[in-house]
Structures are given as structure tokens and as C-alpha cells.
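Please keep the sequence and the structure in view while reading.

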Amino acid sequence: WPMIIFILVLITVTDSFTEGAVDAWAALYMRDVILVSGFSIGAATISFNLAMVFGRIFGDKIRDFLGTFNFLILLFLISFTGLFIIIFYSTLISSIIGFCIIGLGISSLVPLAYSIAGKTVNIDSAVGISIISIAAYGVFMVAPAIMGFIANAFGLNLVFLPMLILFAIFFLTIIFFKKQFTQ
């Protein structure tokens, strides 16, 4: 299989892990780390989901303007920034902004992976898309449990740290294999 498929799986795993973690753990994070109650608990998830919608609507236009590789770099930087804010700042406003930024950053990663996988030479488009689907849904299902283990072992304040590490690995991987995205 072409190397690009393995890279796309890494991108998809990183995105789905983050999305699953936010969906399952953002409210607990807001309640127990940021120490808010009521509507403020859900504000992080709402901002995340609204940013996801915005990113999915405009992602293709931005990709067409920047090119695939530059778009991936931009999405990485946005996601990494949002995760950094969540991990290292613990106020209500910074958390809402951080979750919003994360949503914007990861919104187009899986759709972009599907698009690239479907156009990859030397592999049937249905096979490429199926591999991405398995990676996305498989990780999305196990991410909350992994996050539970991390929260129990290291504390809820570090529950999003693995995503920051995954995005660092993702960034290095796409830089190293830049040629795969410019063909």
C-alpha cells in the first residue's frame, strides 16, 4: 500500500481521538477542572461543535486556496494551539476559546483524509476510503475509554495531553512526507 494511506490513518486517528475525547470529556473537564456549573459546563462542547460546522462548511474552499499540504499545516497549528490553551490555561473564557479553536482545527482533517484516500494511485478508492473509515470510527469508539484511563491515572487536568502529543507526531510525519501531499 502507498505510504500516504498510512499517513492518512495517523491523521484520522489523531482527529478522531481528539473529537471523541472532546465529546466525552469536555463537560467533565469544565465541571471538575475549570470549576463551572450550569450552562457553562456545556459551553465548551457547544463552541467546539459550532467551530466544527464552520470548518466543515469552509474547509474545501480554504484547501483549494492554500493547497493540501499548507492546509494540513494550518489545521495542525490551529489544533495544537487549541489543545495548548486547554492544557495550560484554566479559565472559563480560555477553555471556551480553546475548545472552539480545536473544533476549527480538526473539522477538516477526516474529510481531507477521505478525499486524498479516494484519489490515491495504486489503491482502489473504495479500499482507501474504507481504511480511513475503519480508523476514524474505531478510534472514535475507544477514545473515551482511553481518556478515562488517563484521567484516572494522571488526573482530569491532563486528559487532553495525549492529543497534544499525537498532533506533534502528526506534524513531524506530514513534514517528513511532504512530497506525498504535493503530488
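Proline 144 touches Gly20, Ala24 and Trp25, where residues up to four places away in sequence are not counted and a contact means heavy atoms within 4.5 Å. Proline 144 and valine 22 are 122 residues apart in sequence, yet their C-alpha atoms are 8.7 Å apart in space. The proline belongs to helix 6, helices here being DSSP runs (H or I, at least four residues) numbered from the N terminus. With a relative accessible area of 25%, proline 144 is partly exposed, given that buried means under 20% relative accessible area, exposed over 50% and partly exposed in between (1.4 Å probe, protein chains only).

This is a predicted model, in which local features need pLDDT of at least 70 and side-chain atom pairs count only at pLDDT 80 or more, while totals for chains, interfaces and linings use all residues. Residues are numbered from 1 along each chain as its sequence is written, and side-chain values use heavy atoms, with hydrogens and water left out.

**Helix 6**

Helix 6 covers residues 125–154, and its 30 residues reach 41 Å from the first C-alpha to the last, close to the expected 44 Å, a span calculated as 1.5 Å times one less than the number of residues. At alanine 143 the helix bends by about 35 degrees, with proline 144 following within four residues; the bend at a residue is the angle between axes fitted to the seven residues ending there and the seven starting there. The buried residues of helix 6 include Gly128, Ile131, Ala143 and Met147, and its buried residues pack against helix 1, helix 5 (109–119) and helix 7 (161–176). After helix 6 comes glycine 155, whose phi is positive, near 110 degrees.

**Threonine 14**

Threonine 14 is placed in helix 1, which spans residues 3–32. It counts as buried because its relative accessibility is 0%. Leaving aside residues up to four places away in sequence, threonine 14 touches Leu166, Phe167 and Phe170.

**Charged pairs**

A salt bridge is a side-chain nitrogen of Lys or Arg within 4 Å of a carboxyl oxygen of Asp or Glu, and by this rule the count comes to three.

| Salt bridge | Closest N and O atoms |
|---|---|
| Arginine 31 and aspartate 32 | 2.7 Å |
| Aspartate 60 and arginine 63 | 3.7 Å |
| Aspartate 64 and arginine 63 | 3.2 Å |

Arginine 31 counts as partly exposed at 42% relative accessibility, and aspartate 32 as partly exposed at 40%.

Asp60, Arg63 and Asp64 are linked in a network of salt bridges. Aspartate 60 and arginine 63 both lie in helix 2, three residues apart, about one turn of the helix. An α-helix has 3.6 residues a turn, so residues three or four places apart point the same way.

Is arginine 63 buried or exposed? Arginine 63, in helix 2 (residues 39–66), is buried, because its relative accessible area is 16%, whereas aspartate 60 is partly exposed at 46% and aspartate 64 is exposed at 59%. Beyond residues up to four places away in sequence, arginine 63 touches Thr68, Phe71, Leu112 and Ser115. Its side chain also makes a polar contact with the side chain of aspartate 64 at 3.2 Å, the term denoting a pair of N or O atoms within 3.5 Å, where within protein one must be able to donate a hydrogen and the other to accept it, and residues adjacent in sequence count only if both atoms are side-chain atoms.

Terms used. Helix = DSSP H or I, 4+ residues; strand = E, 2+ residues; numbered from the N terminus.
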